Amino acid sequence: MKIEILGSGGASITPKPLCNCNLCKNAKLKGIPESRLGPSVFIHDAGILFDTPEEISYMLNRSNITNLNACFYSHHHLDHTMGLRVFECNFDYRNSFVKPTPYDRNIDVYVPTFVRKVMESNFSIWEHLSRYQNWGLINLHTVTENEKIKLNDYIVSTIQLAQTFVSGYIVENLDKRVLVLMDELLDWIPEKLGHFNCVILPIGLFTVNPFNNERRWDEKHPLCRTEADFIEIKNIISKLDTDKVVFIHIEEVDGLDNETLKQYVEYYANERDWQVGFDTMIIEI
Ligand SMILES: [Zn+2]
Ligand SMILES: [Zn+2]
């Protein structure tokens, strides 16, 4: 199975527009791996996409992807959805001046019931997707918890997380299994999910510097209550059975460059195969 991290950034891309911090200045100079676009993961052979951040159209071109068959949404937050205009690539504007017509191709878009519920009342996301369905650009599917969606040789299943508006996904083919968690793992305790060849999940904030134990984030900071930090993520990993871990959703606001992140992760990994994700990273399993 060939997986690509299209975007390894979090709520804000790195460099963040208008920001002059050292991290952003460095990212502007060096590009990848310091620069990070919004959170998005792609399964190459099957043409399966997870989430559409604002930069998704650019990212699909950057990675030379031409087989987008299905898109699964993890949740409604804007860093995961605001690029949904990408589906307008199915309009054939050349065909008619008056009314653009859809190409004879379709993208299946899957939204779990519990994600749909929040999309219906936030940012008009469900309305927007429904409009595209009416225009014939996508096939919009609502799926239930634990439903298995069969896509050729692949099966994708949804898992509702402790933050009940969020879905994780298990992707499996004949002999490989991957767990894709795009965001929002606070309070989640994985149970009996079986063996994975790879788990992709958010890195969380490094609230503590592992080398000197100094707190980097005040315990009372609101982000420490709403987001899982790396220690919590590490506890989640300890309850999962996986050969490999790749961290994504790396926040500009945490201010850590790629080298420092690698050192921090290595410290906790203790010889296990834990890797800091970067844009265009290919994972072959
Ligand atoms: Zn996010
Ligand atoms: Zn910055």
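Which residues have the most contacts inside the largest nonpolar core? Good morning, colleagues. The structure under discussion is a predicted model, and I shall begin with that question. The largest nonpolar core has 33 residues, and those with the most contacts inside it are Leu179, Leu201, Phe206, Phe247 and Trp274. Five elements each supply at least two residues of this core: the strands β14 (198-202), β16 (244-248) and β17 (273-276), and the helices α7 (230-238) and α8 (258-269). Helix α8 provides the largest share, five residues.

Setting aside residues up to four places away in sequence, Leu201 touches Leu181, Leu185, Ile233, Ile237, Val245, Val246, Phe247 and Ile248. Apart from this core lies another, of 28 residues, which includes Leu60, Leu84, Phe91 and Trp126.

I turn now to the aromatic side chains. The count comes to 14 aromatic pairs. Consider Phe206 and Tyr264: their ring centres are 5.1 Å apart and their planes stand at 70 degrees, so this pair is edge-to-face. Phe206 lies in the loop between β14 and α6 (222-226), whereas Tyr264 belongs to helix α8, so the pair ties together parts that are 58 residues apart in sequence. Phe206 is buried at 1% relative accessibility, and Tyr264 is buried at 6%.

A further pair is formed by Phe230 and Tyr268. Here the ring centres are 5.0 Å apart and the planes are at 40 degrees, so the pair is tilted. Phe230 lies in helix α7 and Tyr268 in helix α8, so parts 38 residues apart in sequence are tied together. Phe230 counts as buried at 2% relative accessibility, and Tyr268 is buried with a relative accessible area of 14%.

Next, the metal site. Which residues coordinate the zinc ion (ligand 1)? They are Asp79 (OD), His80 (NE2), Asp183 (OD) and His249 (NE2), at 2.0 to 2.2 Å. The four donor atoms subtend angles of 88 to 158 degrees, which makes the arrangement irregular. Along the sequence, the donor residues follow the spacing D-H-x102-D-x65-H. The two histidines link distant parts of the chain: His80 lies in helix α3 (residues 78-81) and His249 in the loop between β16 and α8, 169 residues apart. Both His80 and His249 are buried.

Finally, the charged side chains. Side chains of opposite charge can pair when their charged atoms come close. A search of the whole structure finds eight salt bridges, and I shall describe some of them.

Glu252 forms a salt bridge with Lys16, with the closest N and O atoms 3.6 Å apart. Glu252 is in the loop between β16 and α8 and Lys16 in the loop between β1 (2-7) and α1 (22-30), so the pair ties together parts that are 236 residues apart in sequence. Glu252 is buried, with a relative accessible area of 7%, whereas Lys16 is partly exposed at 32% relative accessibility.

Lys244 and Asp273 also meet in a salt bridge, at 3.0 Å from N to O. This pair links strand β16, which holds Lys244, to strand β17, which holds Asp273, 29 residues apart. Lys244 is buried, with a relative accessible area of 15%, while Asp273 is partly exposed at 30% relative accessibility.

Arg177 pairs with Glu172 in a further salt bridge, the closest N and O atoms being 3.1 Å apart. Glu172 is buried, with a relative accessible area of 18%.

Thank you for your attention.

Technical notes: Residues numbered from 1 in each chain as written. Chains lettered and ligands numbered in written order. Predicted model: local features only at pLDDT ≥ 70, side-chain atom pairs only at ≥ 80, totals over all residues. Heavy atoms only, no water. Core = buried A, V, L, I, M, F, W, Y, C linked by side-chain atoms within 4.5 Å. Buried < 20%, exposed > 50% of the residue type's maximum accessible area, 1.4 Å probe, protein only. Helix = DSSP H or I, 4+ residues; strand = E, 2+ residues; numbered from the N terminus. Contact = heavy atoms within 4.5 Å. Phe/Tyr/Trp six-rings, centres within 6.5 Å; stacked < 30°, edge-to-face > 60°. Donors = N, O, S within 2.8 Å, 3.2 Å for Na, K, Ca; no water. Tetrahedral: all angles 85-135°; square planar, octahedral: opposite > 155°, others 65-115°. Salt bridge = Lys/Arg side-chain N within 4 Å of Asp/Glu carboxyl O.
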